[in-house]
Amino acid sequence: MAAVSLSGKRVLLVVSGGIAAYKALELIRLLRRQGCGVTCVLTDNGGQFVTPLSLQALSESKVYTDLFSLTDESEMGHIQLSRAADLLVVAPATANILAKMAGGMADDLASTVLLATDKPVLVAPAMNVRMWLHPATQANMATLKQRGVQVVEPNEGAMACNEFGPGRLAEPPEIVAAIEALLAPGAKPLAGRHALVTSGPTHEPIDPVRYIANRSSGKQGHAIAAALAELGARVTLVAGPVSVPDPRGVTVRHVETAAEMLDACQSALPVDVAVFAAAVADWRVEQAATGKIKKQPGAAPPSLALTPNPDILATIAAAGPRRPRLVVGFAAETDDLMANAQGKLKRKNADWIVANDVSPETGIMGGAENAVHIVSAAGIETWPRLAKDDVARRLAKRIADALG
Ligand code: CTP
């Protein structure tokens, strides 16, 4: 998903020593993908963990390592280097560089640019849990925060040194989110909103080895969840069995049946917006067999008694205090697209229906593209045939506009 909120921005990334330095490579990749310029300063210790060449290849820029390089000084002095960016990011930030920053030391290029800069600074600490919790580090952090340095707090978890606790470098997408919040705050119109998305098919068991299913791939629903997260929403994605990967930055609840999907949706409430893109099975087998159904020689094939599944969209969209402000349903049809979509809008109490023609000749079911109409009380809006990712982005933008 190519977001462009950081397009044209410039980050000076200081990579200090530590096993987490490898994550700086992913961070650079994510920033470059958004069109953000990245120039790296690598400390001597950082150079023990990642090479200038790998930083240079990913950032597509010269990597600075040495305070007293005459060529560097003639091309760009360290003062200029520290001010040419919109933001200085230290990731990973070791206990040592944080101490130098707090103490105002400037004994190498990294600490010198951090002292000389007049730009905002963001640090992403990473170190052993004892070092992080040490009063010296905590006092340095308090000093830096008080001076306006922004912090992406370390995560808790297992560490390379076999200890457990806070000190793990935040994941690169979390660091990118913090950079976006500083450099492009308006690009996150859904910040502070909670979105619920359903996606994929459901599987309704016949017996322990057989089930009723449908051809939904989950591509469209997953793309919508990712697009809402890109715009800053906290997203809960309730996903039926699909082979597409979990989108990044989204909380995913994996379910099998319609009943489980409804439960997961209800426990995600309250939400500001709910998008029901799942192809929920309309019926389930009334009494799924507990053992495998066997063929009986000469006997007729078994008949399956079906019973309706709950309508998840209609249940969540029913008027009441927990109804999301905006409820978006889908109508996948092979005939009478508009009439069916308008019927569903009313019957299910949705605010919008995203209607699409899933006749086999369209190639939409399971394919990479979608051609949709947005049906609401205000009328019908027809969108061109687009990649499912683009439909998702356009829908997320429209949701952001509607929530205001
Ligand atoms: N939906 C749902 N729960 C169900 C069935 C459908 O939440 N048990 C939602 C879908 O996620 C979609 C919308 O309702 O947003 C319409 O789904 P669709 O399958 O097109 O419609 P159905 O209600 O199944 O109607 P029909 O079978 O008559 O087309």
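Me: How many of the residues in the protein chain are buried, and what does that word stand for?

Reply: A residue is called buried if 20 or more other C-beta atoms, placed from the backbone, lie within 10 Å of its own, exposed if 12 or fewer do, and partly exposed in between. In this protein chain, buried residues make up 42% of the 404 residues. Please keep in mind that this is a predicted model, in which local features need pLDDT of at least 70 and side-chain atom pairs count only at pLDDT 80 or more, while totals for chains, interfaces and linings use all residues. Residues are numbered from 1 along each chain as its sequence is written.

Me: How many helices and strands are there?

Reply: Helices (H or I, at least four residues) and strands (E, at least two) are DSSP runs, numbered from the N terminus. The protein chain here has 14 helices and 22 strands.

Me: Which residues of helix H10 are buried?

Reply: In H10, which covers residues 219-230, 12 of the 12 residues are buried, so this helix is largely enclosed by the rest of the structure. Among them are Lys219, His222, Leu228 and Glu230. Two residues are in contact if their C-beta atoms, placed from the backbone, lie within 7 Å, and the buried residues of H10 pack against strands E9, E12, E14 and E19 and against helix H14.

Me: What span should H10 have, and why?

Reply: The expected span of a helix is 1.5 Å times one less than its number of residues. The 12 residues of H10 should therefore span 16 Å, and the C-alpha atoms at its ends are 16 Å apart, which agrees. Just after H10, Gly232 takes a positive phi of about 100°.

Me: In what order do the strands of the open sheet of 6 strands lie?

Reply: Two strands pair if DSSP finds at least two bridges between them. The order in this open sheet is E3-E2-E1-E4-E5-E6, with parallel pairing. Its edge strands, E3 (63-64) and E6 (150-151), each pair on one side only. Further in, E4 and E5 run parallel and are joined by 4 bridges, and Val89 has Leu122 in E5 as its bridge partner.

Me: How many residues surround the ligand?

Reply: A residue is near a molecule if its C-beta atom, placed from the backbone, lies within 6 Å of it. Here 15 residues surround the ligand, and Phe276, Val280, Ile312, Leu313 and Gly329 are the closest. Helix H12 (312-317) and strand E17 (326-333) are the elements that give two or more residues to this shell, and the largest share, 4 residues, comes from E17.
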